[in-house]
Amino acid sequence: MKVTGAEAIVKCLEEQGVEVIFGFPGGVIIDLFDELEKSDITNVLVRHEQAAVHAADAYGRVKGEVGVALVTSGPGATNTVTGIASAYCDSIPMVVFTGQVPTGLIGNDAFQEVDIIGITRPCTKHNYLVKDPKDLAETIREAFYVARTGRPGPVLIDLPKDVVVAKAKFPEPKPVKMQTYRPTYEPHPGQIAKACKEILKAKKPVIYAGGGVIASDSNEELTELATKLNIPTTMTLMGLGGFPGTHKLSMGMLGMHGTYFANMAVSQCDLLIAVGARFDDRVTGKLADFAPHAKIIHVDIDPTSISKNVKVDIPIVADCKYALTAMNRWFDVQEDFNGKEQGEKLGPWLDEINSWKRDHPLGYVEEGDIIKPQFVVQKLHEMTNGDAIISTEVGQNQMWAAQFYHFNKPRHFLTSGGLGVMGYGFPAAIGAQMAAPDKIVIDVAGDGSIQMNIQELATARQYKCPVKIAILNNGYLGMVRQWQELFYDKRYAGTDLEVSPDFVKLAEAYGAVGLRATKVSEVEPVIKEALATDNTVFMDFVIAREEGVYPMVPAGKATTEMLLS
Amino acid sequence: MKHTISVLLQNKPGVLSRVTGLFSGRGFNIESLSVAETLDAGVSCLTLVTRGPDPIIEQITKQLHKLIDVIKVVDVGESEFVEREMALIRVKAESHTRAEVLRVIDIFRGKVVDVSPKSYAVEITGPQSKIKAVIDILKPIGIQEIVRTGTIAMARAKKS
């Protein structure tokens, strides 16, 4: 049976179980949009291609599936680059389809032609230019397979116009087999035993969990290991929700804006168990002083992550779920292992951590009527029972959300962790709401970053996404301003947002709801009204202008050298 | 330390730029690079010479392996191996030096591949050290042009 390229693509999307894609059309890709219109797949028409990719990223994260974005050639394609790079840094499974000029015109500087394969080569897990219509279906199947397996990541498929139009035989689906790509899922049993023996020996162990725990859905296995052995656990920004944030063994986030006790614990531990984390510079601070007394166990599915920044003593190349399960089983079958004794053995270590917790808990200073951003996030947590999906922009808003919304479940915190993209949160909230229509979805934003993709108000309205945007409005690009305050003698170069729109009126102009709080007493009513509103809501919280994010480890310093206020 | 790394990869468009892009993007250095297809036209063999401390070399081999089109990565230097380079050298050969040039070429088991009244073009193969030695000797006579391949390498077969 011969089908057009467009038909083949839609059939493949259906085969992969795709229900929603995020896209923006253009000249060379009209045929595919035309075909999609006939299918049951919903195309969410965004207002900028960058937003399509962020929305697909969030949709994939929330559902644990591969997000899909579809754009045209040239500027459509280049506008996706930031979103793709962000998904690549955060290991998010995604397939991005880009239109391309007809194969005969490639290389001719045709209208809206760009070498998107060349441009995205360093920021995709893999990419494909389909030149022959008969390769189309198998390329798409392979792309989805590559995107979701191993260390997940974005894959791009470039579709020349003639390939989308041409007819070719549609090959029946068969399991993807690749000669060159076989990720390792099962851990080496010898390494598991070695790691577990080391865990039993340790007097001051710490678990350091990253986004790999979320990607592999191994939060339960992680919680089992931590509680079985009474090991205090800290999470990276990407790992939040991988271990319950309100659990007594949780130390919250570590690193540059991590908790005092998490950073102290890592600096004093004798065994660091890294699970699906990559020793990012925002986590380690000065490398030479990171976990200086610790042996290091590192579980990661990507061998390049192991011993990249920090020399690892016991590497375990495996999917976190498989590795954690194997470790849990190892302890289960040890006859002389006694969980209670083990727990008691670590008592003094937990006491030490608890005393750090008591001395320097996460907190902030109240200032009468002035709204503190941390208070807003605390209220959001309280009034949503900690059950909302929270997306963030990047900067202070992101760190306050990470610190004060104690995530208990995975796939509830959406943030551009590695690349740090301002403008991620709003389209991500839309993607999340499309994935989980019944959940409360809140974008914790700053007044700077919300403006980077504010045009998506139209998308939110068009698709009736009742997302709530909490703008922590301080009139500054706050995180950079904070650095200027601390390290540049308060010279606020380029960070004072002297002119901003009236966010309430702006929301109303789009048919959304705008609310504003300027003093503490207004915060709760505003959130209450927003949560009760079945529409997109902008909540403009006018906050303390020069509030900072603390603790803070200055760039390049050891993580013990925290500024606490 | 110098490392010679042999990479088998699928012979697809753009695959070379995946390799070179990896090196430039991550700040690894490439001293020489040579690539051609193997017996299987769908598979190419790429030999590259790079330098760096052990952790960097470990990253290089892991990162290469991570590329989807890469089939196999071998640090050839981990066992005994043979390496070869080839150079084509056009050297000045006027009446008083013609015999001298031929003698030098002969000593290094080179071949004259092009002759003109005032020059010889010679072909030299061997490990990098030999190519360097020939160049050092011919330089005072007058090298007009030189073209070199990158290193190619092959592990020695097990003796028993």
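Two residues are in contact if their C-beta atoms, placed from the backbone, lie within 7 Å. The structure is a predicted model, in which local features need pLDDT of at least 70 and side-chain atom pairs count only at pLDDT 80 or more, while totals for chains, interfaces and linings use all residues. Residues are numbered from 1 along each chain as its sequence is written, and chains are lettered from A and ligands numbered from 1 in the order in which they are written.

**Exercise 1. Describe chain B as a whole.**

Step 1. Consider the contacts in chain B between residues at least 6 apart in sequence: 73% of them join residues at least 24 apart.

Step 2. List the secondary structure. Helices (H or I, at least four residues) and strands (E, at least two) are DSSP runs, numbered from the N terminus. Chain B has 4 helices and 9 strands, and from the N terminus on their order is β-α-β-β-α-β-β-α-β-β-α-β-β.

Step 3. Consider extent and burial. Along the principal axes, the C-alpha atoms of chain B fill a box of roughly 55 × 40 × 30 Å. A residue is buried if 20 or more other C-beta atoms lie within 10 Å of its own, exposed if 12 or fewer, and partly exposed in between, with C-beta atoms placed from the backbone. By this criterion, 24% of the 160 residues of chain B count as buried.

**Exercise 2. Determine which residues of helix α2 of chain B are buried, and what they pack against.**

Step 1. Helix α2(B) spans residues 54–66. Its 13 residues reach 18 Å from the first C-alpha to the last, close to the expected 18 Å; the expected span is 1.5 Å times one less than the number of residues.

Step 2. The buried residues of α2(B) are I60(B), Q63(B) and L64(B). Seen down the axis of α2(B), these buried residues fall within an arc of 100 degrees, so they line one face of the helix. The arc is that of the directions from the helix axis to the C-beta atoms.

Step 3. The face of α2(B) turned away from the buried side carries the exposed residues D54(B) and P55(B). The buried residues of α2(B) pack against β1 (2–10), α1 (15–26), β3 (43–51) and β4 (70–75) of chain B.

**Exercise 3. State how chain A is divided, and which elements of domain 1 touch domain 3.**

Step 1. Chain A comprises domain 1 (2–169), domain 2 (189–359) and domain 3 (373–542), with bounds from an automatic or database domain assignment.

Step 2. The centres of domain 1 and domain 3 of chain A, taken over C-alpha atoms, are separated by 29 Å. In chain A, 24 residues of domain 1 are in contact with 26 residues of domain 3.

Step 3. On the side of domain 1 of chain A that touches domain 3, the elements giving two or more residues are β2 (20–24), β3 (42–45), α3 (49–63) and α5 (81–89) of chain A. The largest share of that side, 11 residues, comes from α3(A).

**Exercise 4. Give the strand order of the open sheet of 6 strands in chain A.**

Step 1. Two strands pair if DSSP finds at least two bridges between them. The order is β16-β15-β17-β18-β20-β19 (chain A), with parallel pairing.

Step 2. The edge strands of chain A, β16 (413–414) and β19 (513–517), each pair on one side only.

Step 3. Strands β18 (468–473) and β20 (537–542) of chain A pair in the parallel sense over 6 bridges. Within this pair, V537(A) in β20(A) is the bridge partner of K468(A).
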